[in-house]
Amino acid sequence: MERRAFILVMDSFGIGAAPDAARFGDEAADTLGHIAAACASGLADRPGLRAGPLRLPNLAQLGLGRAAELATGHIPAGLQIAHVSGAFGAAAEKSAGKDTPSGHWEMAGCPVPVDWGYFPQSVPAFPADFVAAFLKETGLPGILGNCHASGTEILDRLGEEHIRTGYPICYTSADSVFQVAAHEVHFGLERLLAICAVAKRLLEPWRIARVIARPFLGEARGTFIRTANRRDLTTPPPEDTLLDRLVAEGREVISVGKIADIFGGRGISRKVKAADNQALFDATLDCVATAPAGSLTFTNFVDFDTLFGHRRDVAGYAAALEAFDTRLPAFLAALRPGDLALISADHGCDPTAPGSDHTREFVPALFFGPAAPVGSLGRRDSFADLGQTLAAHLGLDRLAHGEACF
Ligand SMILES: O=P(O)(O)O[C@H]1O[C@H](CO)[C@@H](O)[C@H]1O
Ligand SMILES: [Mn+2]
Ligand SMILES: [Mn+2]
């Protein structure tokens with residue numbers, strides 16, 4: 001039988017504090033649980049967008065509520081269901097960090113045991129040596145920001161000054177990241193990408209996982225909007241992943257959305273870009289129709305994290321979950337015999353938590369489709385169990401990390 005695999009990563013969709021959450025100050029975090037509770041008590045109503053209890057009938061059917069129960073001990077409001085039709089688990093992360101690359105790499109069989117470098121909360125946040133070298137190599141006269149920030153708030157604060165001075169806006173977060181926001185027209189997109197490449201190289205000694213180019217448009221405070229031309233320059237994974245192993249065997253690995261960026265371009269045979277969750281779902285459906293035997297299609301649904309988790313927008317996050325759920329029946333109907341699909345996440349980003357950073361949480365492990373069993377997979381102590389399961393399904397030799405869930 002022809003076997004194919006599909007991973008749908010709901011970026012930041014945690015389902016309850018991880019066993020080691022206290023180490024991150026995240027012991028109270030629960031992305032799904034807190035959204036469901038807010039919806040149930042009418043706190044996530046927004047006229048024209050959504051209202052009432054969280055409605056995720058298709059995810060519930062796949063075992064989302066039961067997966068959350070494995071993590072927290074209770075099923076979130078609205079997710080009770082009599083019978084599930086897939087295999088569900090709650091997976092904890094072994095990697096030291098709670099960032100996007102660590103989560104995706106571990107899921108693909110490559111945990112990241114050594115922690116990245118992070119910038120301090122102080123202002124300036126960036127080492128003077130680095131800033132001096134960055135200015136020298138790029139010929140820039142200066143930078144703005146040089147602090148921890150939310151990417152949308154800092155545009156409101158410094159966007160006009162950026163346009164006036166031509167200084168790029170440089171900021172960071174709890175992630176191992178150096179982010180550069182610059183105007184797509186006034187500063188120039190190509191120029192932004194070029195200075196980000198310089199920063200990535202100069203930051204190697206500080207073990208910074210990612211440099212992110214954040215192009216934006218707009219002319220005045222309140223009108224600035226980030227464009228879809230975001231680019232992540234990521235350190236490649238330290239060991240081979242499921243993706244590398246597949247490509248080495250001549251299989252097709254299709255990246256939908258920012259997967260290729262997250263893996264530093266490694267282990268990818270084809271890239272499909274799409275602007276938002278709806279377009280990402282459309283592209284994923286195209287892949288279900290066309291992906292060849294033995295392939296992996298890997299999609300990252302970025303909006304949950306970028307537009308709602310980091311923005312601490314509970315109603316927006318709930319609406320995005322409901323929109324995603326609505327599209328699942330079409331995905332399920334298109335699966336063929338021999339297909340195995342996985343819905344999971346890379347970390348949490350509880351929109352009710354303080355600050356604007358990720359939260360250390362269990363993630364859902366929902367396996368479904370014609371080749372999936374039905375029932376509980378229990379708590380998994382590494383996301384690598386998910387990659388090992390897919391490797392076994394696709395007929396690869398065992399990966400170095402993780403235990404197959406079935
Ligand atoms: O606030 P914005 O720019 O969206 O940044 C967020 O996106 C980055 C990548 O996930 C993280 O560093 C996080 O802080
Ligand atoms: Mn992420
Ligand atoms: Mn994020």
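This note comments on the predicted model shown above, point by point.

1. Basis of the note. The model is predicted: local features need pLDDT of at least 70, side-chain atom pairs count only at pLDDT 80 or more, and totals for chains, interfaces and linings use all residues. Residues are numbered from 1 along each chain as its sequence is written, chains are lettered from A and ligands numbered from 1 in the order in which they are written, and side-chain values use heavy atoms, with hydrogens and water left out.

2. Overall dimensions. The C-alpha atoms of the protein occupy a box of roughly 60 × 50 × 40 Å along the principal axes. Of the 406 residues, 60% are buried, where buried means under 20% relative accessible area, exposed over 50%, and partly exposed in between (1.4 Å probe, protein chains only).

3. Secondary structure and contacts. The protein contains 13 helices and 14 strands; helices (H or I, at least four residues) and strands (E, at least two) are DSSP runs, numbered from the N terminus. Among contacts with a separation of 6 or more, 69% join residues 24 or more positions apart, a contact being heavy atoms within 4.5 Å.

4. UniProt, in an unreviewed entry, places the feature "domain: Metalloenzyme" at residues 4–397; its positions are given in the numbering used here, feature names are shortened, and annotations may be inferred rather than shown by experiment. Over residues 4–397 the chain is 36% helix and 19% strand, with the end C-alpha atoms 16 Å apart.

5. Strand S6. Seven of the eight residues of S6 (residues 210–217) are buried, so this strand is largely enclosed by the rest of the structure. S6 pairs with S5 (residues 177–183) in the parallel sense over seven bridges (two strands pair if DSSP finds at least two bridges between them). Within this pairing, histidine 183 has phenylalanine 216 of S6 as its bridge partner. S5, helix H7 (residues 184–202) and S6 form a right-handed β-α-β unit: with the strands pointing away from the viewer, the path from the first strand over the helix to the second runs clockwise.

6. Antiparallel neighbours of S6. Four bridges pair S6 with S8 (residues 231–234) in the antiparallel sense, and alanine 213 stands opposite arginine 231 in S8. S7 (residues 225–226) is also antiparallel to S6, joined by two bridges; there, arginine 226 is the bridge partner of phenylalanine 216.

7. Manganese ion (ligand 2). Its protein donors are Asp11 (OD), Asp11 (OD), Thr100 (OG1), Asp346 (OD) and His347 (NE2), at 2.1 to 2.8 Å. Donors are N, O and S atoms within 2.8 Å of the metal (3.2 Å for Na, K and Ca); water is not among the atoms, so sites may look incomplete. Along the chain, the donors follow the spacing D-x88-T-x245-D-H. Aspartate 11, in the loop between S1 (4–10) and H1 (31–40), and threonine 100, in H4 (residues 100–107), are 89 residues apart, and the pair links distant parts of the chain. Aspartate 11 counts as buried at 0% relative accessibility, as does threonine 100 at 2%.

8. Manganese ion (ligand 3). The protein donors here are Asp305 (OD), Asp305 (OD), His310 (NE2) and His358 (NE2), at 2.1 to 2.5 Å, with the spacing D-x4-H-x47-H. Aspartate 305 and histidine 310 are both buried. The manganese ion (ligand 3) lies 4.3 Å from the manganese ion (ligand 2).
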